[in-house]
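Please read the following note alongside the sequence and the coordinates.

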Amino acid sequence: MNVASANPSKPRVAVHKFSSCDGCQLAFLNLGEDLLTLADRVDLVHFAEAGPLDPDTEVDVAFVEGSVYTPEDRERIQHIRRHSRLLIAIGACAVSGGIQALRNSADGGDWVAQIYAHPEAIDSLEHSTPIAQHVKVDFELWGCPVSGPQMLVVVNSLLLGVTPYDNADKVCTECKRRNLTCIMVSRGVACMGPVTRAGCGALCPSLGRDCYGCYGPAAHANTDALAARFTHQGLAPQAIMRRFQSINSQAPVFLAAADKLRKRND
Amino acid sequence: MTESLRSVSIHVPVLARVEGEGALDLRIDNGVIAELRLRIFEPPRFFEKFLEGHHYSEIPDMVARICGICPVAYQVTAAQALEKLFGVELDPWARAMRRVFYCGEWIQSHSLHIHLLAAPDFFGCSSAIELARIAPEEVRRGLRIQALGNELMDLFGARSVHPVGIRIGGFHAAPALSRIQAMRDKLRAALPEAEALVRWAARIQLPPDDQAFISVALRHPTDYAIEAGAIAASDGLLIEAESYDDHFAERHETHSTALFSTYHQQPYLVGPLARLNLNRDRLPEGIKALLAETGFTLPSRNIFHSLLARAVEILLALQEALRLLDHYTMPESPWVPVIPRAGVATGCTEAPRGLLWHRYEMDDDGRVVSARIVPPTSQNQGRIEEDLRLSLLNFGLDQPDEALRLHCEKVIRNYDPCISCATHFLRMRVERT
């Protein structure tokens with residue numbers, strides 16, 4: 001993944017948005033004065049919220065926020081893929097369908113009718129799906145939201161011609177590094193840290209509360225063992241299921257864990 | 001992406017610098033506006049539906065995801081509603097810190113809007129990066145203020161996008177005194193910067209505009225309303241959040257996935273200018289004096305004053321945060337225990353973009369039976385269309401298409417519409433016959 005050598009001048013970068021809350025683009029817009037430094041180092045050719053608009057031009061790197069949720073989205077992601085050397089999916093919506101993918105397991109058509117007086121005018125797909133389900137994705141950055149430092153690591157890696165580091169380890173490792181006492185062991189809090197991907201810096205445990213899995217499943221996540229532990233702690237089966245059915249409900253590991261619990265409850 | 005239309009068809013690419021996906025259809029027949037529609041086609045994300053069945057403790061983390069720019073507004077409104085239903089009396093510490101936390105979001109969101117989204121228009125620039133070439137100090141100052149807003153949110157929420165600090169009954173944790181002291185120093189140092197921002201914003205040459213509209217905002221007995229208050233309108237209405245449905249209604253228009261709100265069947269304005277119009281007497285004396293000095297008189301009927309109104313509210317939020325952190329002591333506990341009960345929970349706060357109203361029907365176990373959320377942008381939608389009609393007539397329909405488009409974009413950006421979801425394209429179609 002070397003952008004630097006391919007383009008001796010400034011790499012051309014695009015930021016695209018699909019169905020989302022806008023929060024992952026803020027990893028750029030909230031950089032403070034570093035945003036101007038970034039604009040010096042790369043050529044931001046398309047980033048609608050920041051101003052530059054040129055969705056059709058060839059770019060070295062396209063960052064994609066959001067999930068595919070309309071028929072138009074399906075076309076647009078193909079177009080972006082064709083015009084981008086590297087495509088990087090950022091955030092839970094782009095990598096797992098996001099919180100709106102909770103609709104995937106429900107009767108979405110009915111939902112439209114319950115909210116809108118003219119359901120026929122609402123043009124959305126029945127399922128919210130991640131970018132990689134539609135096109136080849138070169139790198140996925142998990143998190144809801146991804147953070148500024150995470151984004152800068154990716155951008156700097158690409159500028160230096162290095163493949164970005166993909167930390168799929170568990171939140172628990174971040175607690176250890178921060179010297180945080182385990183809230184699950186010491187206080188019996190039903191924490192998702194043992195199965196959740198690192199990257200946030202163990203923010204929730206640092207406030208003494210449960211991790212709720214917003215970075216998605218870690219590699220080698222033992223969801224069975226965690227579910228058993230939650231049961232042992234006295235959580236009802238429904239409550240355990242909801243732990244996996246939240247921000248990243250369609251991430252395969254969490255989806256499988258929830259399905260298993262559902263079958264056991266039935 | 002040319003769209004074929006019956007007569008003259010012009011595809012003008014894109015309103016950038018708004019949060020969400022919208023389009024504007026404009027048809028002019030014989031020099032008269034025949035059709036003007038702000039179309040929002042963000043795919044709906046059905047938050048109200050998938051909240052059903054979830055436990056009250058999960059609501060703050062879920063509703064935050066409605067908007068990455070104003071998650072605190074959603075979290076605080078939900079918490080306020082549920083705490084009222086559950087009969088929870090917040091600790092004075094938690095009550096004050098909720099306001100400080102919210103101030104952080106106002107500072108962040110307003111500064112982002114002024115510098116990255118709105119101001120470039122008034123200097124003939126297409127982005128803040130371009131604006132930074134001609135006004136580097138001002139843009140850098142703005143980005144610093146925005147960063148400070150984020151830092152203030154971090155302090156209570158560990159991060160500024162989808163913060164994790166709020167719980168029903170207070171906060172999960174209280175920041176240590178040493179961190180508060182460091183924050184106070186930063187807030188104090190930012191005050192002159194924010195004052196300079198207000199003076200700068202007041203000097204920006206604005207298009208003249210004078211429209212009659214109804215302002216709606218929260219009003220508090222003593223404070224400038226942010227996280228608490230009753231709903232007030234400029235025609236004298238003053239009601240509690242519970243009575244919202246008696247005066248306000250939502251309807252679905254086929255050209256938009258955001259519902260349209262009306263107040264007694266009329267469009268109305270929410271947001272910073274509406275707040276200043278209604279609550280100018282609640283501003284601290286120092287800010288009143290500064291406004292007098294800059295010649296900004298309230299109430300204002302010029303929506304272009306929205307940018308200046310945001311600058312004023314940044315200064316106010318910095319002062320409020322500093323005031324409330326001044327005698328900070330660690331609470332005995334950052335939260336009080338909560339016992340859920342069945343019933344209807346209603347809450348209302350001032351999101352950066354305006355009034356935000358939540359209603360939850362809860363069951364005995366503390367789970368959501370049904371939810372309704374009315375965000376500021378759907379409330380402003382009708383007003384934006386009305387404003388566009390009037391200001392286009394003012395501007396002159398015979399102006400070239402490009403000038404019309406730019407003017408429309410400027411008008412729309414005044415409202416800082418947060419249409420979060422899908423792309424950010426304003427495809428403007430102009431048809432002339």
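Does Asp22(A) count as buried or exposed?

1. The model is a predicted one. Asp22(A) counts as buried because it has 24 C-beta neighbours inside 10 Å, and the cut-off for a buried residue is 20 or more. Asp22(A) sits in the loop between β1 (12–17) and α2 (26–29) of chain A. The phi of Asp22(A) is positive, near 80°, and the residue is not a glycine.

2. Asn179(A) also deserves a look. Phi is positive here too, at about 65°, in a residue that is not a glycine. The loop that holds Asn179(A) runs between α8 (171–177) and α9 (183–187) of chain A. With 6 other C-beta atoms within 10 Å, Asn179(A) is exposed, since the limit for that class is 12 or fewer. Most residues other than glycine have a negative phi, and most peptide bonds are trans.

3. One runs from Cys144(A) to Pro145(A), with omega near 5°; Pro145(A) belongs to the loop between β5 (139–141) and α7 (148–160) of chain A. The other runs from Leu298(B) to Pro299(B), with omega near 0°. Pro299(B) is in the loop between α10 (285–294) and α11 (306–325) of chain B.

4. On the domains of chain A: the assignment gives domain 1 (3–160) and domain 2 (171–265). Their centres, taken over C-alpha atoms, are 26 Å apart. Domain 1 of chain A puts 13 residues into the contact, and domain 2 of chain A puts in 12 residues. On the domain 1 side, helix α5 (residues 92–96) of chain A gives the most, with 3 residues. That side of domain 1 divides into 7 nonpolar residues, 6 polar and no charged.

5. Which residues have the most contacts inside the largest nonpolar core? They are Val64(A), Ile88(A), Leu82(B), Val216(B), Ala311(B) and Ile314(B), in a core of 193 residues. Helix α4 (residues 92–122) of chain B supplies the largest share, 14 residues. Domain 1 (3–160) and domain 2 (171–265) of chain A both give residues to this core, so the core lies between them.

6. Leaving out residues up to four places away in sequence, Ala311(B) touches Ile114(B), Leu197(B), Val198(B) and Ala201(B). Another core, of 11 residues, lies apart from the largest one. Among its residues are Leu38(B), Leu388(B), Cys408(B) and Val411(B).

7. Chain B as a whole has 13 helices and 16 strands. Of its 433 residues, 54% are buried. Among contacts in chain B between residues at least 6 apart in sequence, 75% join residues at least 24 apart.

8. One open sheet of chain B has 3 strands in the order β7-β8-β9, with antiparallel pairing. Its edge strands are β7 (216–219) and β9 (238–239) of chain B, each pairing on one side only. Strand β8 (residues 230–233) of chain B is joined to β9(B) by 2 bridges, and Ala232(B) has Leu238(B) as its bridge partner in β9(B). Helix α9 (residues 272–279) of chain B lies across β7 and β8 of chain B, at about 55° to β7(B). Val216(B), one of the residues with the most contacts inside the largest core, falls within the range of edge strand β7 (216–219) of chain B.

Terms used:
Residues numbered from 1 in each chain as written. Chains lettered and ligands numbered in written order. Predicted model: local features only at pLDDT ≥ 70, side-chain atom pairs only at ≥ 80, totals over all residues. Domains from an automatic or database assignment. Contact = placed C-beta atoms within 7 Å. Helix = DSSP H or I, 4+ residues; strand = E, 2+ residues; numbered from the N terminus. Nonpolar A, V, L, I, M, F, W, Y, C, P; charged D, E, K, R; others polar. Pairing = 2+ DSSP bridges. Axes fitted to C-alpha atoms, helices over the stretch in contact; angles between N-to-C directions. Core = buried A, V, L, I, M, F, W, Y, C linked by C-beta atoms within 7 Å.
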